[in-house]
Protein chains: 2
Amino acid sequence: MTDYNNPLSSKSFSLPESLDDKNQIDDFVSRNSSRKIVVVQGLGFVGAVMSLVCANTRNGDYAVIGVDLATKESFWKIKSINEGSFPLVAEDPKIEQFFKNTIEKGNFYATYDSYAYSLADVVVVDVNLDVQKFSSENNALEDFDVDLGGFKKAIAVIGENCKKDVTVLVETTVPPGTCINVVQPILIDELRRRNLSDDMIKIGHSYERVMPGPDYIDSIRCYPRVYSGVNTASADAVEEFLKTIIDTSSCELTRLEHTNATEMAKVLENAYRATNIAFVVEWSRFAEEAEVDLYEIINAIRVRKTHSNLMFPNIGVGGYCLTKDPLLASWARKTFFGADSDLEMSIKSVSTNDQMPVYAYERLKEVFGSLHGTHVAFLGVSYRGDVGDTRFTPVESLVNLVKSDGAKVKLHDPYVSYWQELSCEVESDINKVLVPEPSLVIISTAHSVYKKEAFIDKIASVSASKVYDAVGLLTNEQIQKLQSKHRVSVLGRGDIS
Amino acid sequence: MTDYNNPLSSKSFSLPESLDDKNQIDDFVSRNSSRKIVVVQGLGFVGAVMSLVCANTRNGDYAVIGVDLATKESFWKIKSINEGSFPLVAEDPKIEQFFKNTIEKGNFYATYDSYAYSLADVVVVDVNLDVQKFSSENNALEDFDVDLGGFKKAIAVIGENCKKDVTVLVETTVPPGTCINVVQPILIDELRRRNLSDDMIKIGHSYERVMPGPDYIDSIRCYPRVYSGVNTASADAVEEFLKTIIDTSSCELTRLEHTNATEMAKVLENAYRATNIAFVVEWSRFAEEAEVDLYEIINAIRVRKTHSNLMFPNIGVGGYCLTKDPLLASWARKTFFGADSDLEMSIKSVSTNDQMPVYAYERLKEVFGSLHGTHVAFLGVSYRGDVGDTRFTPVESLVNLVKSDGAKVKLHDPYVSYWQELSCEVESDINKVLVPEPSLVIISTAHSVYKKEAFIDKIASVSASKVYDAVGLLTNEQIQKLQSKHRVSVLGRGDIS
C-alpha cells in the first residue's frame with residue numbers, strides 16, 4: 001500500500017481498499033432524516049465551498065454529501081473533511097466558521113462511494129472539465145482539444161444511481177450546448193437502462209462566480225446568478241433550489257431561456273476578461289518600449305465609465321477559468337453547432353496571456369542581464385493575490401525560465417506551503433527567503449501583505465541590488481524608497497529614473 | 001471655374017481664386033484687439049466644434065480663427081461659417097446657440113490663408129491623420145500603412161508662419177511618439193530657417209473625447225482630459241490654456257509625464273473600445289448559431305461591475321477613430337520604437353470589426369434568402385445613433401452588398417441628406433422610403449427616433465414581410481408587435497419564434 005502526502009499538512013495517507021462506504025452514508029442520512037439530501041460531485045475549489053454553502057442555508061439546512069474520487073489527488077480531501085479539517089486554505093474567515101457549523105450540526109459528510117447519488121434530492125455537478133493545450137516553446141498556443149471523457153463518466157455515474165425525479169444542477173463550466181447534447185442524453189439513457197421513467201428528471205445549468213480569496217463564501221452566496229433548465233419543470237426545480245442557496249435579497253437570480261444561453265454566458269464572461277487582459281499584455285510591451293508608465297495612462301483612462309474596467313498589466317493569467325474557457329467556447333461552436341470558424345479573438349487572448357511570463361522574462365533579462373549563478377527570490381507563487389491557488393499560475397513559467405538561466409531560486413508565499421505542480425516546498429517565513437541575500441527579488445503575486453510598508457522596508461533592508469515588480473504592486477513612494485539601494489524595474493513601465 | 005456642392009445645402013460654391021485673405025484677417029483681429037488669438041487648424045468634426053468652445057469660454061473669450069484648405073472638400077465649411085451657417089448637423093442644441101453667440105460677439109472667423117498662424121497665441125492642431133487600409137474582398141484587413149505626409153505639411157505651415165513663443169497644442173490622434181519625433185523637429189527646423197530662436201516655442205499634446213451627438217459641446221468642455229508637453233514650460237502653457245477651455249469644476253485635467261504617454265492614452269482608449277466590440281462581433285455569430293439571444297446574455301453579465309461595459313452586438317464599427325487608431329499604435333510601435341512585433345489583438349480587432357457588415361449580410365441571406373429584384377429600405381446610414389456622420393459607416397458595406405445582390409435600395413436618415421461617400425441623396429421623410437412598400441426593412445442605425453412606438457407602428461403598418469434589425473434596436477414588445485405581420489430577425493439572436 002503506497003502512502004501519499006496531504007499537500008496541506010505533513011500527514012500521509014493511503015487509498016481505501018474498498019469503495020464501499022454504504023454503512024457510513026446510511027448512518028449520516030439517518031442522523032439527518034429531517035433534511036433533504038444534496039450531493040455535491042467534485043470537492044475542488046468550487047465544490048468544496050459550494051458544499052459549505054449548501055450546509056449553511058438560512059432555513060432548513062440541507063444534509064450535504066460531498067463526493068470525489070478515491071485517487072491520490074482527491075482522497076485526502078474526503079479524509080480531511082471527515083476528520084474535521086477543511087481541505088482549502090483561504091483568506092475568508094467564513095470558510096472556517098461555516099465548516100465548524102457543519103461539524104456541530106453533523107450535516108456534512110464526504111465520500112468516494114457513488115451510492116450517495118441514490119439518496120440525493122439534488123445533485124450539484126462541480127467536476128472539472130479540462131482543455132488540452134499544445135503550445136510552442138514560447139508558450140504560444142498552437143492547438144487545443146477538449147476531452148469530454150471524464151465529464152461524461154461523471155454524469156453517467158449519476159445516471160446509474162440517481163432517483164428518477166432527482167434535480168441535476170450542472171455548475172461545471174462546460175462548452176455551450178453540453179447540457180442538451182451530452183448531459184441530458186446520458187442521463188436519459190441510464191434511466192432507461194434501469195427501466196426507470198425518464199420524464200421526471202430535472203436537468204439545469206447555473207454557474208457560480210466563485211472567487212477564491214477574502215470573500216470566497218459570499219462570492220457564491222451573494223452574487224447574482226443566471227440559471228436555466230432543459231425544460232420548464234427543470235428550470236422551476238433549479239430556481240426553487242437556488243432560492244435556498246443564494247441570498248436573493250442582495251442579488252438577482254435571472255432565468256435565461258435555454259441551457260445553451262447560461263452555458264454561453266459563463267464562457268463569454270471569462271473570455272471577455274481574458275481578452276481584456278490580453279489586450280493590455282500587448283500594450284505593456286509597448287509602454288516599456290516607449291519608456292512610459294502604463295499604470296499612469298490606465299489610471300487616466302479609467303475615469304471614463306466605459307473604460308473603468310481596463311485592466312492593469314500583469315505577469316499573466318492563471319487559475320482554472322480564464323486560461324481555458326475561451327477555448328471551450330470556440331470548440332463548442334464547431335463541435336455542437338457546425339460553425340466553420342473559430343472565436344479567433346478569444347483564442348488569441350489565451351495564447352497572448354500564456355506568453356506573458358515569457359515576455360516578462362525577456363524584459364527581466366533586458367533590464368538586469370543574465371541571471372546565471374545568481375540567487376533569485378520570488379515573492380508569491382499563487383496566480384492571484386490573497387489566495388493559495390497555484391493552478392496554471394503564470395509564476396510557474398517564470399520560475400522555470402529563471403531556473404533554466406542557471407539561477408538558484410527561493411520561493412515565498414503566505415498561502416502555499418507545498419507547490420503541487422512543481423513538487424516543491426514554498427517558504428512562508430520571509431526571512432528565510434531573504435537570507436542569504438538574493439541578488440534579485442521578483443514580486444510575482446500581488447498579495448496584500450506584500451504591499452505593507454513593513455514588508456517593503458524588509459526588502460529595502462537587504463543588500464540586493466535589483467527588484468523586479470512583475471505585478472505592478474509597488475506605489476511610486478515605495479519605488480522611491482527601494483531605489484535608494486536597489487535598481488527597480490516594473491512590468492509595463494519604461495525605465496524608472 | 002468649377003462649381004461644387006455644399007453637402008448640407010443646395011448651394012453650390014466655387015473655390016477662391018487667390019489664397020490671400022490677409023485684409024479680412026487683419027480686420028477681424030483688430031475688431032478683437034482685446035482678445036487673445038486662437039487658431040484652430042482643421043474644421044472637421046473636432047476642429048469646428050473646438051472652435052466654438054474656444055470662442056465661448058466663461059472669461060475673456062478668445063478670438064478664434066478656424067483654418068482649413070481651399071479644396072472642394074473643405075472650402076464650403078469656411079464659406080459657411082463666414083456666411084452665418086455652421087457646417088455640421090447635430091442633435092446638440094448648444095451647437096446652434098454657441099455659434100449664434102460668436103456671430104453676436106464677432107469673435108469667430110474662418111479662412112484658408114496661413115497668414116492666420118502668424119497672429120496666433122495658441123494654435124490647436126485638429127487636422128486628420130489617416131491610415132491606408134488594404135483589405136480582402138470580405139473586408140478582412142490584409143495590410144495597412146500610415147502616411148504622415150499631410151500631417152507633416154500641416155505642422156510645417158505653422159512653423160513657417162508662427163510667432164517664436166506660440167503654444168502649439170496637438171489634438172489630432174497621432175501615432176505615439178509623433179510630438180517628439182515629428183512635430184518638435186519640424187517646428188524647430190522652420191523657426192531656425194526663419195532665424196528665430198527655437199527655445200520659446202511650447203509644444204504639447206492633449207486629446208478631446210469628442211462624441212458627436214446630443215452632448216457634442218459638453219463632450220469637449222465637460223470631459224476629463226490628460227495633457228502633456230515636450231518640456232515643463234510646454235506642459236505649463238498647455239495647462240494654462242486648457243484651464244480656460246475645460247470646465248475643471250466638473251472634470252479633471254491630468255498631466256502625464258510625457259507626450260508619448262498622452263498620445264498612447266488616446267489610441268489605447270480607442271483600441272480598447274475596438275477590441276471590446278470585436279470580441280462581441282464573434283460571439284454574435286456564435287449566438288445566432290446556438291439559437292440564443294445574446295442581448296439577454298449580455299444583460300445578465302453586465303450586472304457585474306467588471307463586465308458592465310460589455311458591448312451589445314452591432315452591424316460593425318464606424319467613425320473616424322475606432323476604425324484606425326489601433327493601427328496607428330501598432331505602426332508607431334515599429335516605426336518610432338523599433339519593436340519587431342505588432343499589437344496583434346488591436347490589429348485583429350480592426351479586421352474583425354471591418355468584416356462585420358459582411359457577416360450581417362451573410363446572416364441576412366441565410367434567414368431571408370436572395371434579395372435579387374426586391375426593394376430594400378435602410379433605416380439609418382450614420383455610423384452611430386443620433387448623429388449625421390457617415391465616415392466609415394458600416395452601413396456603407398451593407399448597402400453595397402445588398403445592391404450587388406440585385407436589390408433596389410432606399411435610404412432614410414434624419415441627420416444625413418446627402419451621403420458624400422456614396423454620392424447619393426438620403427431621404428429624411430420616412431413615408432417616401434416606405435412607399436412603394438419595400439419587401440425588406442433593415443434597421444441599420446440606432447437613431448432614437450426609430451425606437452419610438454409611432455415609428456414602429458409605421459413599419460408594422462406596411463405590408464413588408466421582413467424586418468432585419470442589425471443594431472439590436474427593437475425591444476421584445478416591439479418585436480412581438482412586428483411579428484404579427486412580419487418575419488423579424490435580429491443580429492446576434494437565434495431565430496425568433
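Modeller: A residue counts as buried if 20 or more other C-beta atoms lie within 10 Å of its own, as exposed if 12 or fewer do, and as partly exposed in between. The model under discussion is predicted.

Biologist: How does Asp165(A) count by that definition, buried, exposed or partly exposed?

Modeller: Asp165(A) counts as partly exposed, because it has 14 C-beta neighbours inside 10 Å. Asp165(A) lies in the loop that joins helix 5 (149–161) to strand 9 (167–170) of chain A.

Biologist: Which residues does Asp165(A) touch, not counting those up to four places away in sequence?

Modeller: With those set aside, Asp165(A) touches Met200(A) and Ile201(A). As for Ile220(A), 55 residues separate it from Asp165(A) in sequence, and the two C-alpha atoms are 26 Å apart in space.

Biologist: How many residues does each chain bring to the contact, and which element of chain B gives the most?

Modeller: Chain B brings 46 residues and chain A brings 45 residues. On the side of chain B that touches chain A, the elements giving two or more residues are helix 9 (259–289), helix 10 (294–301) and helix 12 of chain B. Helix 9 of chain B gives the most, with 15 residues. By class, that side of chain B has 25 nonpolar, ten polar and eleven charged residues.

Biologist: How is a pair of packed helices described?

Modeller: Two packed helices are described by the angle between their axes and the distance between the axes. In this model, the axes of helix 12 (residues 344–368) of chain A and helix 12 (residues 344–368) of chain B come within 11 Å and cross at roughly 180 degrees. Angles over 145 degrees count as roughly antiparallel, which makes these two helices roughly antiparallel. Glu344, Met345, Lys348 and Thr352 of chain A meet Glu344, Met345, Lys348 and Thr352 of chain B.

Biologist: Which residues touch the most other members of the largest nonpolar core?

Modeller: Of its 308 residues, they are Val123(A), Ile297(A), Val123(B) and Ile297(B). Leaving aside neighbours within four places in sequence, Ile297(A) is in contact with Val292(A), Leu256(B), Ala261(B), Met264(B), Ala265(B) and Leu268(B).

Technical notes: Residues are numbered from 1 along each chain as its sequence is written. Chains are lettered from A and ligands numbered from 1 in the order in which they are written. This is a predicted model: local features need pLDDT of at least 70, side-chain atom pairs count only at pLDDT 80 or more; totals for chains, interfaces and linings use all residues. Axes are lines fitted to C-alpha atoms, for helices over the stretch in contact, and angles run from 0 to 180 degrees between N-to-C directions. Helices (H or I, at least four residues) and strands (E, at least two) are DSSP runs, numbered from the N terminus. Angles under 35 degrees count as roughly parallel, over 145 as roughly antiparallel, 65 to 115 as roughly perpendicular and the rest as oblique. Two residues are in contact if their C-beta atoms, placed from the backbone, lie within 7 Å. Ala, Val, Leu, Ile, Met, Phe, Trp, Tyr, Cys and Pro count as nonpolar, Asp, Glu, Lys and Arg as charged, and the others, Gly among them, as polar. A nonpolar core is a set of buried Ala, Val, Leu, Ile, Met, Phe, Trp, Tyr and Cys residues joined through C-beta atoms within 7 Å.
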